[in-house]
Amino acid sequence: MLKFINFQLDTEDKQKIIEQDLAPQIKQLLINNMQAMQQYQPHLSQLINQLQLSDHAIFCTKFGKLNLASMTTGRVVYQADPEIEVRTEVNDFIQSAPLTRLSTIADPDNVEPLPVAVDVVLVFGLGLGYHLIELLQNCRIKYLVIYEPQTDFFLGSFQTIDWRQVFEVAQFSGTQISLQMGNDASSVVEDLEELRQLLPSIDKVHLYRHICHPVSDEVFKFLLDNSGNPAELLKNGQHFLGFKDADDYLGSRPKNVLGTDIEISEQYDSGCFKRNMAIFERLYPKVFQVFKSYKPRKWRLYQNENGHQNLWHTARKAFLYDDLVSDSTRLLEHFFSEPFKDDIIIGLAPSEKFKSFIHYQYIDKLQEVFRQLKAEKSALPDEVESLIVFGVALAKHIEMLSEQKHIQNLYICEPNLDFFYASLYVTDWAALITKAEAEQKRIYLNIGGDGSEYFHDLMGQFYQVGAYSIANTYLLQSYYTPQLSKAIFSLRRQLKVVLAIGEYYDHARFGFAHTYQAIESGCRFLKADMKTCLSRSAAIDLPVFIVGNGPSLDVAAEYIAQYQGQAIIVSCGTALRSLYKLGIKPDFHAEIEQNRATFDWINQVNDKAYLKSINLISVNGIHPDTTQLFLNTYLAFKDGEASTQLFRQSFREHGVNVASLSYAYPTVSNLALNYMISLGFKNIYFFGVDLGYADIKQHHSKHSAYYNAEGKEVYDYKAFHGANAPVKGNFRDFVFTKPEFDVSRQLLEKVISNAPKEVAFYNCSDGVFIKGANSLHPDYILLDRAVDAKKQRLDAYLAEGYYTEELVGLAEKTFAKLDLALFQSSVAEWQVLLAENAKNAEQAKNLVDIQWQFLKTQAGNRTNLLFYLFYGSANYFLSVLTKCRPVNDDDIKNLEFFNNTLQMWRDYLADALKDFITQPIKSDSVKVNYLPPSGN
C-alpha cells in the first residue's frame, strides 16, 4: 500500500557499504548500455542525452538490489527484490496472458496461456526492464512494442539490465522491438493499424501490463473491452484522457498488475454490516444515511475462498492491498517505531517585528526547549492522547491499533466512500465504538469529501477537547493517493499559519485597546443588515476591483487606470504605494493587521492629501494612528477575535448590531473580498492578487516598498520566507506560493463558494488559480464606460449603511462593566494551580488538564477578562507543555523540560497581568525598521 523507501533501506552505515559495492557494476553497465543503444536504437541514443530525471531515481535496497523511488513522495516502484518479483510476474503472464482480438468474434476469450510463438505483445510499462529478458526467453515474439510514459524509468533501466543482451536475444529470436519512450499508449490505434500493415493476418495481440498508469490503463481497458470488434479498435479519433478521479488512483505496481479478470463474490458478512449500521444509526446518523442504500462506484470488496479480503478496482483490474493482514501489520510496526507527530508548535520562531510583545519574548525564551524536543525521537507510547488517521480502507489496522494502544481521541478521515462502505463488512466498527463509549473515549468520523474540509472540521473537534491537544496529536496515513497527501500537507500548512497568527495575549489586549479608541473616535461600523438601506440598489451594480500588490499588478495597471472612473477600486495593504506611483487613486484602502506596522507602510506614500482623499476599510482592531491618515474609516467586526466577542455583545444590549466578517484573514485580499460581499456588490475582479509568483525575485509589484529606487529587494525575500511550493497558476501551469498565501487562496475559495449565486468573480491576476473565480485576462474584460455619479451613489450608500456618532460612549460603558479586581484574583487563583512542579508523568498530565478546565469555567463571565486575554496564549503554552510532557516516570529529561516550561508560563502570566493592569487601553508601538525612506 504505502511502499515507502524507508521500508527498504538498511541502517546508514550498512546502506553506505551496499551502495559502494554496487557502484562499479552500475557504472560499467551504464557505459555498456549507452554503446548498445547507439548500435541498436541510435535514434533513442540521441534522446537519452537530452533526458533529465524529473522524479524517479535509482536506489539500492537493503538486499543489494536496485529499485526505483519517487523523489517527491518517497514511494518505491518494486518490492525489496525486484528481480524475484518480476520473475514470478512473467511466469504468471505465461500461464494467463490477457489479449485482444483484431478479427470479428462474438464473446472472445480475453485471456489464454501464452503460446510458444506470438505475433504481437504490447507491453505497458518498461519499469526497470527486468521482465524483457524473461519474456523473450520464454516466447518467440514477432513484434514487441513497449510503452513507457515515464522517461525516468527508461533512464533507470540503463543501470539495471543489460540492453545489449536484450537486443541480441531479440535479434536471435527474430523479434522486432519498438521502444515507445515517453508514450502513454494513447497512440495505440495508429500502432495497431501499422502492425496490420506489417502483418495482414494478425488476430491476437497479447497485453502485458507491467506498470499501471492513468492513461495506459484506460488504453488497456479499451483493448480488452473491444476485443473482437475491429471496427471500434481501429477507429480513428480515439482519445484517452486517463483515470483522473481521485478515487481511481493506483500505485505503479499493485497486486494483479497484469490485469487478469477476478470473480467478485457477493457473499459478505452481512451480520458485521448490520451491527455497524445499527451503531451508526444511533451515534453517527449522518454516516448511517450515506451508507444505508449505498452502491459502490469504483471499488468493490473482494473475498476469496480462504476468507482473504481486499479492495478491487473494477475498471483498472487491480487490488489495493498486497495482503490485508501483512500490509496492516507492517504499517503499524513502522508507525509504532517511528510515529509521526507534527512539530508546528515547536517550529514557531521569535519575531523581530513583535519583539516588544510579551508572547514573542517568551517564544524566544522557549527556543532551547524547542531545540531539545526536535532532537528527540521516541516510539509510540501505549497511551495516546490524540491520533488522526488519514484513510482507513478496510480498517483492519484500526482494529489492530485499538487492541494494542489506548487512544483517547481518534479522528478518522476517509475520503473514499467505496472504501469505508467495504470496511463495514470487514471491520467491527460497532465493537470499536462501543468500547470507546464505555471507556469515555472519542471517535470522530469524517467520511467523504476531498480533504479541503479537514482543517475546519478537525479544529472544531480539537476545540472541544482543548486546542492544545494538537501538539500531542499523532498522524497516520494508511494508504497513499496524491489527493490524500495533498490534503494532509494542506492541513499542516493551515495549522502552522493559524498558530502563527493566533490571538495571543498581546493581540487580544491591543484588540481591546484599538477597538475602544476606534469607537470613541467616531469610526464608522458596518450595519449587520444592509438590505434595509434604500440607496443600496444604486451602488451594488458598480464593479469592484480588488487590487493586490502582486507582480502582475504592473501589467494590469494600465487597465485599472483606464476604468478607475467606472469601478470601485480597493487597494490591499502594500499595493497602495504601487497605485500611487502608477497615478491611480483607490476609493478604498484595506488593511487587516492591528499593529502599527500599517502606519509605517502607508507612510511610504509621502502625500498626505492623497491619503486624506481615500476611505479606509478594516476590522475593529486597526491601529488608531493608521485611521488618522485617511478621509473616513469604515470598520466591521472580525469573527473569532476576543475584542469582537466583548464589544459585540455590549453593542447588542444597546440595540446596535454590527456586521462581523468571517475568513477575513490571513491577507488583506481576504478582508477586502469579505467586505465587498458584505456590502452587496455583485461583480468582483481581482488584480494583482497573485498570492504567488513565477520568479522569486519578482514577488511584488516593482513599484512597491519591497524594492528600492534601483529596483533591488529591501530584504532577501527568499531567505526570510523560505522554500515555496508549486501550485496551479491562473494563466500559467504553475506558480510558487508560501504557506500564508496558500491558506489565503483556500479561504478565498471558501468565501466564493458560500457567496450568493448572483455574485460573479473574475481573477485577472497572473498568480495562483482561485477556484470559483473565472480566469480572465484584463484585455478581455468589457465594462460599461458610462457610469453616472459613481462617487455620489457610493457616498449615499456608505452614509446609510454604517453606525456613526451613536456608538460614541459605548466603549466606555463596555469597559465600565469589567471587573479588574476579579481579573487579578482569577490570575492569582490560576497561579495557585501552577504553584507546584510536577514530580511524575501523571502529575504533569493533570497540571495541563486542570488548566484547561479552569480556563473553560471562566469563558461565560463577561466581566472577567481572563478568558478573553489568555485563551490563545494558554492554548499555546498548554501545547508546549503537552509536547514536552514525560511519557512515563522514567522520562526524567522531559520532566525537567516540562517544569522549566511551567515556570516560564507562571512568569508569562505575571508579566501579562502587570502589563495590562498598568495601561489597559494602551496602543501597540510596533515599528518597521527595514523600509526604505519614504518618497514619491
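The chain exposes about 39,600 Å² of accessible surface, and carbon and sulfur atoms supply 49% of that area. The model is a predicted one. Of its 936 residues, 58% count as buried.

The overall dimensions were examined next. Along the principal axes, the C-alpha atoms occupy a box of roughly 95 × 75 × 60 Å. The radius of gyration is 32 Å, which agrees with the value near 30 Å that a compact globule of 936 residues would have. Secondary structure assignment gives 36 helices and 29 strands. Among contacts with a separation of 6 or more, 75% are made by residues 24 or more positions apart in the chain.

Charged side chains comprise 91 positive and 111 negative charges. The mean position of the positive charges lies 4 Å from the mean position of the negative charges.

Cysteines were considered last. A disulfide is a covalent bond between the sulfur atoms of two cysteines. The structure holds zero disulfides. Cys 572 is accordingly in no disulfide, and its nearest cysteine sulfur, that of Cys 764, is 14 Å away; the cut-off for a disulfide is a sulfur pair within 2.5 Å. Cys 572 has a relative accessibility of 6% and therefore counts as buried, the limit being under 20%. Cys 413 also counts as buried, because its relative accessibility is 0%.

Key:
Residues are numbered from 1 along each chain as its sequence is written. This is a predicted model: local features need pLDDT of at least 70, side-chain atom pairs count only at pLDDT 80 or more; totals for chains, interfaces and linings use all residues. Side-chain values use heavy atoms; hydrogens and water are left out. Helices (H or I, at least four residues) and strands (E, at least two) are DSSP runs, numbered from the N terminus. The radius of gyration is taken over C-alpha atoms; the globule rule is 2.2 Å times the number of residues to the power 0.38. Buried means under 20% relative accessible area, exposed over 50%, partly exposed in between (1.4 Å probe, protein chains only). Contact means heavy atoms within 4.5 Å. Accessible areas come from the Shrake-Rupley method with a 1.4 Å probe; for residues, only the protein chains shown count as cover. Lys and Arg count as positive and Asp and Glu as negative; His and the chain ends are not counted. The place of a charge is taken as NZ of Lys, CZ of Arg, CG of Asp or CD of Glu.
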